[in-house]
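Please open the model in a viewer and keep the selection panel at hand.

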Amino acid sequence: MKELSKPLQLYEEYINTRKQTELLCNPLAIEDYCLQAITETSPVKWHLAHTTWFFETFLLKRELKNYEPYHWSFEQLFNSYYQGVGTPFPREKRHLLSRPTVRDIYNYRRYVDNEMKQLLHRCNPISSGYDDILFRTELGLNHEQQHQELLLTDLKYNLFQNPLYPAYEEISDPTHNETPMLEFIELPGGEHTVGYQGQAFAFDNEIPAHKVFLPPYRLASRLVTNGDYLEFIEDGGYQTPALWLADGWECIQKHQWQAPLYWKKMEGDFFEYTLAGLRPLDLNLPVTHISFYEADAYARWANCRLPSEFEWESAVSTTHKDGNFLESGHYHPQAARLSNGIQQLFGDTWEWTSSSYQAYPGFQTFNGEIGEYNGKFMCNQIVLRGGSCVSPRKHIRASYRNFFYPHHRWQFSGIRLVMN
């Protein structure tokens, strides 16, 4: 059987990725598409349009001389933060875009999909801009995978505002054994290479690979569980200033946080809101929707600390990428197995590190307008590693660097401890 050319391989990936995004919308009612509870979350409809805008803006308008945009207004309405290509519609007002309709957005996706088919089927090594077309297509696919995760995390927060606590989808309760004991696995120090070293796609913030020196350290064998975190709460963790960074203490006082984001106390017992609705708190599952401030305070309470991003990456350098990802269909972290060694490094929850989000030595942004993708956010944010239960499996790798502000907790973020 003849092997497909690189452009046709990418087209197959394109179709599969676009279908996956729309499959995630199958459980939704039309009323769900426009929800936006806070500035940080975007409506489902906007995610569908913005990922399409990305291909239209950075590929079709650029590469097809006679390309006719689907609608003149979409250039502004569905631009996220790319100041170099126009003035984006205000982020906090995305929920006001009742028009274009959901049907219009799906038609927009079909229109751009058809134009992308033409572009990739005509593309060959002697085409003008061949390498750039392939690169930008891969970037667009990875961008859409990021928005598949954001679509679910944003939707979860938006649905949680409803006192009915509606389920996104009916999902069976997890079955698991007793939580394995938390152990600390000795890992060697010395010189390690971090950053992406392969030949496939990677984001600009993952390169260049470079050497770091690490003292020996001991990494926790599993993620911190709800049961572990409940002990912190019951021991007065949220009332003990000495455990908190100054900004963290100010943050929890301002917002009156007393538990993770989706925990709700009812008649003396904690429940947890999930994408399957409100459920009794399962003490065996990893704690999630935790801010960096809470993760750091818990680590201090446990007489531990959070790993640096380089300690985390060095620990997974020889590990298979096995974990609970989007494709598992759980849409929630699952319990650790009764097994030896370090587990849950990939999937389940993003793991807060102690590392500030900064450029690697020799960092260079992508060329042109897409140079705004990552670099301009390298200020006041913290690195998270490993992916989550709603991250597409193919999207995550050992060198992947996610980043959020330390007070953010609507993402599936959790805690792994380390000891010297």
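A salt bridge here is a side-chain nitrogen of Lys or Arg within 4 Å of a carboxyl oxygen of Asp or Glu. The model is predicted, so local features need pLDDT of at least 70 and side-chain atom pairs count only at pLDDT 80 or more, whereas totals for chains, interfaces and linings use all residues. Residues are numbered from 1 along each chain as its sequence is written, and side-chain values use heavy atoms, with hydrogens and water left out.

Begin by colouring domain 1 (6-161) and domain 2 (184-419) separately; these bounds come from an automatic or database domain assignment. Their centres, taken over C-alpha atoms, lie 27 Å apart. The contact (heavy atoms within 4.5 Å) involves 31 residues of domain 1 and 32 residues of domain 2.

Next, select Arg62 and Glu369, which form a salt bridge with the closest N and O atoms 3.9 Å apart. Between domain 1 and domain 2 the count is three salt bridges.

Then select α1 (6-23), α2 (44-63) and α5 (130-160), the elements that each give two or more residues to the side of domain 1 touching domain 2. Helices are DSSP runs (H or I, at least four residues), numbered from the N terminus. The largest share of that side, 18 residues, comes from α5.

Finally, display the surface between domain 1 and domain 2: about 3,000 Å² is buried, 64% of it from carbon and sulfur atoms. Buried area is the accessible area (1.4 Å probe) that two parts lose on being put together, summed over both. In domain 1, select Glu149, Lys156 and Phe160, which lose the most area to domain 2, together 25% of what that side buries.
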